[in-house]
Amino acid sequence: MQPGGRLVSIDFWRGFALLTIFVNHVPGHFLSPYTFRNFGFSDAAELFVLLAGISAAFAYLRPAAGGDLLGTTMRVMLRAFHLYVAHLALVVVAVVVVGGFVVLTADSRMLELFHLDLVNLFPLESLVGIGLLSFQPAYLNILPLYVALLVLCPLLLLLARTSIALALGVSTALYLATQLAGLELPVWPGTGRWYFNPFAWQLLFTCGLAIGAVLDRGARPAPSRVLDIVAPAYLVVAMAWAMMGFPVALDLSPLPAFLWDFDKTNLALPRLLHVLALAYCVSRLPVERWLKARPGLCEPVGLLGRQALPVFCVGTVLSLAAQVTRPGFDGAFLYDLLIVGVGVFVQWLVAWTLEWHRRGLRTGTRPAAAPASAPASVQTTVAGPAG
């Protein structure tokens, strides 16, 4: 990769994560047992956040390191605002989809399933909570996490300007403080905490930032003989453990629980190490060359990754609609085929339409030239919720 150039694999893996999330958001779908969360400790959420950090490095780290920290901070905050607005719109549409089903069927159980019963019980408090990101219905909690990570991003960029190691050190210290002191954000109305604790997940984002900083310089991470053995071995053990259904309930007390459990909310260490080991092993393969050699096969998935935010929102709405209608078909195989066929096609169509519009094909004009000062990676890798 040339400095500032484009990695098509980032778009591909982001698109892959979007498709995985869509399937996983339809519980009981016949494809769910074959998604990669069933073969290890991490899932598409970890992949998304890692890719978010890599994309943030491509988009923001170079301008910040060049001295434009204020301008970069404003761009990051604007991106966070866009994601915030997208989340608000997504919650409203989710209420329409699920609430509409409840109105038609008079079956209020779906409200409880998606934690939307609070909207009915405490409407004013729920509206305030949605605006504060403290009310997060089921399956609608990844965008609030990413908004929080982007709010934290300028501080990480400031540290990374001095040293990537310093940014990783501070991020690790916050992660440890979160695990040992129980730092978390509460939900309201209701009781509990954010499903994704940003104080813990920021470490994975920072790891992505560090990886992206190396890649953006055109460098390739140096291989390690130790990691070449340890990383694949860890993945094999994790796969065996997951495929056996986590047969033993581990309890290594008095060691802190985050060292040995599989808590997703606080990104327990086994989950963090799993996605990093997976990323390392993939980096040792010529994936970039494979993807560029087969553009016809890989482009549809990469297209989804380039338009990640709208595709994610559309996919989430479609998965919610599938969830509320699927019980009426008793989980029929043909209906599951229809769900995945229509869902993937609609998401691809949305991505294709937005790409067509972006390139100016609607009017037959050529795409506007990018400013000479803007690195190519900024133009091609920043796409929501992962970028």
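**Aromatic pairs and cysteines**

Let me begin with a group of four residues: Phe-12, Trp-13, Phe-16 and Phe-36 together form one aromatic cluster. Please keep in mind throughout that this is a predicted model.

Across the whole structure, the search returns 19 aromatic pairs, and I would like to go through one of them, that of Phe-16 and Phe-36. Their ring centres are 5.8 Å apart and their planes meet at 25°, and because planes under 30 degrees apart count as stacked, this pair is classed as stacked. As for where the two partners sit, Phe-16 belongs to helix H1, residues 8-24, whereas Phe-36 is found in the loop between H1 and helix H2, residues 44-65, so the pair ties together parts that are 20 residues apart in sequence. The two also fall into separate accessibility classes: Phe-16 is partly exposed, at a relative accessible area of 31%, while Phe-36, at 16%, is buried.

Let me turn now to the cysteines. How many disulfides does a search of the whole structure find? The answer is zero. Taking Cys-281, the closest cysteine sulfur to its own is the one in Cys-207, and the separation of 16 Å is too far for a bond, because a disulfide requires the two sulfur atoms to be within 2.5 Å. Cys-313 likewise takes part in no disulfide, with the nearest cysteine sulfur, that of Cys-153, lying 20 Å away. On accessibility, Cys-281 is buried, with a relative accessible area of 17%, and Cys-313 is buried too, with a value of 15%.

Methods. Residues are numbered from 1 along each chain as its sequence is written. This is a predicted model: local features need pLDDT of at least 70, side-chain atom pairs count only at pLDDT 80 or more; totals for chains, interfaces and linings use all residues. Side-chain values use heavy atoms; hydrogens and water are left out. Rings of Phe, Tyr and Trp (its six-membered ring) pair if their centres lie within 6.5 Å; planes under 30 degrees apart count as stacked, over 60 as edge-to-face and the rest as tilted. Helices (H or I, at least four residues) and strands (E, at least two) are DSSP runs, numbered from the N terminus. Buried means under 20% relative accessible area, exposed over 50%, partly exposed in between (1.4 Å probe, protein chains only).
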